[in-house]
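Here is a short tour of one structure for a first-time reader. Look over the sequence and the model, then read on.

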Amino acid sequence: MNILNLVKIAITALLRNKGRSFLTMLGIIIGIASVIMMVSLGRSSTQNVRGEFSSMGSNMIMIMPARQMRGGVNMGNSSSKSLDMKDLKSLENNTKYVAHVSPTVGSSAQLVFGANNHPGSLTGVAPCYIDIRKYEMAEGIMFTEEHLKRYAKVCVIGQTVVENLFTNGEDPVGQTIRCGSVPMKVIGVLASKGGNGMGQDQDDIVLVPYTTIQTRFASANGRTSFNMLFASATREEDSELAATEITYILRSNHGIKEGQEDDFDIRTQEEILTAMSSVTKVLTMLLTAIAAISLIVGGIGIMNIMYVTVTERTKEIGLRMAIGAKSKDVLLQFLSESVILSLIGGLIGIIFGVLLSYVLLSLVLHWPMVISQGAIGISFLVCAATGVFFGWYPAKKAANLDPIVALRYE
Amino acid sequence: MKEIIEIKDLHRTFRVGSEDVHALDGITFTIYEGEFVSIMGTSGSGKSTLLNILGCLDTPTSGEYIINGISVNLLNKNQLSTLRNRQIGFVFQNYNLLARTTALDNVQLPLMYNHEVSAKERRERAVAALEAVKLADRMNHMPNQLSGGQQQRVAIARALVNDPVIILADEATGNLDTRTSYEIMTLFQDLHSKGKTIAFVTHEPDIATFTTRTIKLRDGHVVLDEKIDQQSAAVALAEYEKNIQNTAI
Ligand SMILES: Nc1ncnc2c1ncn2[C@@H]1O[C@H](COP(=O)(O)OP(=O)(O)OP(=O)(O)O)[C@@H](O)[C@H]1O
Ligand SMILES: [Mg+2]
């Protein structure tokens with residue numbers, strides 16, 4: 001019996017029990033659809049995080065004081081004052097792979113404009129901060145080295161701040177807002193950047209010359225140290241080199257001897273991203289494994305129904321053998337039935353999986369639509385394998401029937 | 001004359017629990033080409049067991065069986081399948097047609113397991129076989145759209161389609177009324193007159209009179225093996241219909 005005839009017989013047999021065939025397929029359909037969905041979801045979320053995260057900066061390197069431990073108690077990094085002006089200057093002047101360095105000094109203050117107010121987080125930075133963090137100017141200008149020297153009371157604000165303070169559509173540039181008790185002139189507005197992939201709004205920001213923060217804000221008054229240093233490598237490939245360079249300089253600045261630990265933490269953008277994606281990866285794998293279990297349940301459904309089919313058609317099997325069907329012919333007949341059953345189920349599952357992924361990703365979550373061709377290909381192979389694996393025993397049972405006994409079966 | 005079937009001292013023993021049932025207990029005979037043999041005997045005498053062995057569905061416990069010059073004892077399972085497919089035509093008491101499958105497809109079935117026959121030839125031969133049983137006009141009917149007699153004729157067409165060296169029928173008229181039985185026997189006689197060799201199991205003596213030779217079994221032994229005067233089934237059918245008409249008047 002050739003393949004074409006086998007397929008024809010199998011499809012005819014399946015069509016005779018449409019309802020039953022469909023219910024049997026349902027397990028496979030659900031299994032495959034959920035595997036496809038989980039894989040798409042995982043990939044999409046990784047891409048989404050990657051996309052948002054890369055908006056955080058270009059070849060960015062973050063340097064922060066190390067958490068200091070005293071007797072096992074984490075004192076937080078604010079208690080250490082290990083990054084200062086000297087570090088900043090040597091990183092600016094003595095590096096080869098570092099393009100920009102900006103310190104950050106934070107302070108929070110209530111922002112007031114007219115009748116509006118908004119709790120603001122002031123970030124004291126150097127002008128190159130916007131290059132490191134990939135901010136674009138929407139309006140006005142970024143402050144300059146000149147402003148830095150004069151401790152100028154100027155600021156550049158993000159879109160969220162604009163929305164909260166300038167509710168009547170005033171042009172923010174040129175206006176003066178009050179930050180706590182300090183009046184500050186808005187000289188620029190940043191273009192919107194959205195979230196950073198870690199749930200932070202990158203537009204809720206007030207950039208101020210770091211010298212201004214250090215001198216004019218009570219909470220930071222007199223502080224000569226920085227919360228963090230942000231640097232950017234000259235090229236993406238140089239991130240590691242830049243990090244090494246920075247480590248070397250800071251260690252020598254801080255007089256750390258060989259064998260002693262750094263008193264600062266240094267992270268490249270890539271490292272943070274990898275750490276973040278690994279969580280999604282584990283989650284995706286877990287969900288996919290659960291989906292795969294439903295595929296196995298679907299396979300068991302096929303096996304069950306194939307046993308029923310073989311029993312129902314015992315007489316037919318006996319007849320086929322009597323007129324010349326070999327065991328192999330009978331085996332292949334039932335095997336093709338189960339394989340076709342699971343392949344059709346798989347096909348429907350793939351269609352549903354892609355459709356549902358589209359609805360979920362594009363319409364609900366607004367994440368990038370990623371359909372993994374690999375997952376589709378593998379799903380198809382898994383279906384074929386499921387059909388063979390779970391169809392094997394029932395088909396073998398049919399093939400091993402004694403034609404005389406089978407013919408007599410009622 | 002050419003020997004189609006030769007069996008020598010054939011035994012078939014079934015083990016039931018701790019007891020041996022000797023269904024066939026030393027059977028020897030030869031069937032020649034062109035013979036129409038009826039195999040008779042009471043229930044349990046071993047007729048079906050014998051026919052299963054002749055049809056290569058079962059293998060003897062001991063003894064020799066040669067069909068068309070091939071020694072069956074030497075063949076493996078696959079070879080037996082091929083032998084059944086090429087050399088034997090089966091007709092069963094309960095027709096054994098595939099449900100929801102047209103008469104034509106039912107008749108084609110044996111040729112589906114023969115790689116040497118193309119799809120075109122398969123169809124042509126099936127149509128010819130249906131013509132031979134006078135059912136060409138019912139080709140596309142399903143079994144449940146056919147009468148018992150018509151179903152049995154489809155089954156006979158299926159047995160003919162591979163041009164077997166022998167047709168084996170086990171109580172082929174067992175499920176049919178007298179009239180239809182005579183019609184089927186007329187058909188068998190027709191095939192026989194065209195040169196077919198037929199072995200026909202029955203326990204109805206009047207059906208046996210339509211054959212040319214009777215082999216009678218009892219408890220697994222041949223107790224009678226004789227040539228008989230063949231009666232015409234067509235004549236018997238005509239007489240039967242006349243009687244029916246007379247009783248109706
Ligand atoms: N598979 C089997 N297992 C055990 N005993 C069997 C088996 N098949 C047949 N027999 C026994 O062999 C003997 C012959 O059985 P067989 O079916 O050949 O009789 P038969 O002549 O065809 O009878 P009937 O006219 O009722 O069909 C019986 O005693 C039966 O019980
Ligand atoms: Mg019998």
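## The shell around ligand 1

Helix 1 of chain B gives the most to the shell around ligand 1, with 3 residues. Helices (H or I, at least four residues) and strands (E, at least two) are DSSP runs, numbered from the N terminus. The model is predicted: local features need pLDDT of at least 70, side-chain atom pairs count only at pLDDT 80 or more, and totals for chains, interfaces and linings use all residues. Residues are numbered from 1 along each chain as its sequence is written, chains are lettered from A and ligands numbered from 1 in the order in which they are written, and side-chain values use heavy atoms, with hydrogens and water left out.

The residues around ligand 1 include B:Phe14, B:Val16, B:Thr42, B:Lys47 and B:Glu171. Each counts as near if one of its heavy atoms lies within 4 Å of the ligand. The shell divides into 3 nonpolar, 7 polar and 2 charged residues. Here Ala, Val, Leu, Ile, Met, Phe, Trp, Tyr, Cys and Pro count as nonpolar, Asp, Glu, Lys and Arg as charged, and the others, Gly among them, as polar.

## Atoms that meet the ligand

A backbone N or O atom of B:Gly46 lies 3.0 Å from an oxygen atom of ligand 1. For B:Lys47, a polar side-chain atom lies 2.7 Å from a ligand oxygen. A side-chain N or O atom of B:Ser48 is 2.7 Å from an oxygen atom of ligand 1. Taken alone, ligand 1 exposes 630 Å², and the protein buries 65% of that. These areas come from the Shrake-Rupley method with a 1.4 Å probe; for residues, only the protein chains shown count as cover.

## Buried means under 20% relative accessible area, exposed over 50%, and partly exposed in between (1.4 Å probe, protein chains only). Among the buried residues are B:Leu104, B:Val107 and B:Met112.

What do the buried residues of helix 3 of chain B pack against? In chain A, they pack against helix 1 (3–16) and helix 10 (314–322). In chain B, they pack against helix 2 (77–87), helix 4 (119–132) and helix 5 (148–160). Contact means heavy atoms within 4.5 Å.

## A:His100 in chain A

A:His100 lies in strand 4 (residues 98–113) of chain A. A:His100 is partly exposed, with a relative accessible area of 28%. Leaving aside neighbours within four places in sequence, its contacts include A:Cys128, A:Ile132 and A:Phe230.

Key. A polar contact is a pair of N or O atoms within 3.5 Å; within protein, one must be able to donate a hydrogen and the other to accept it, and residues adjacent in sequence count only if both atoms are side-chain atoms.
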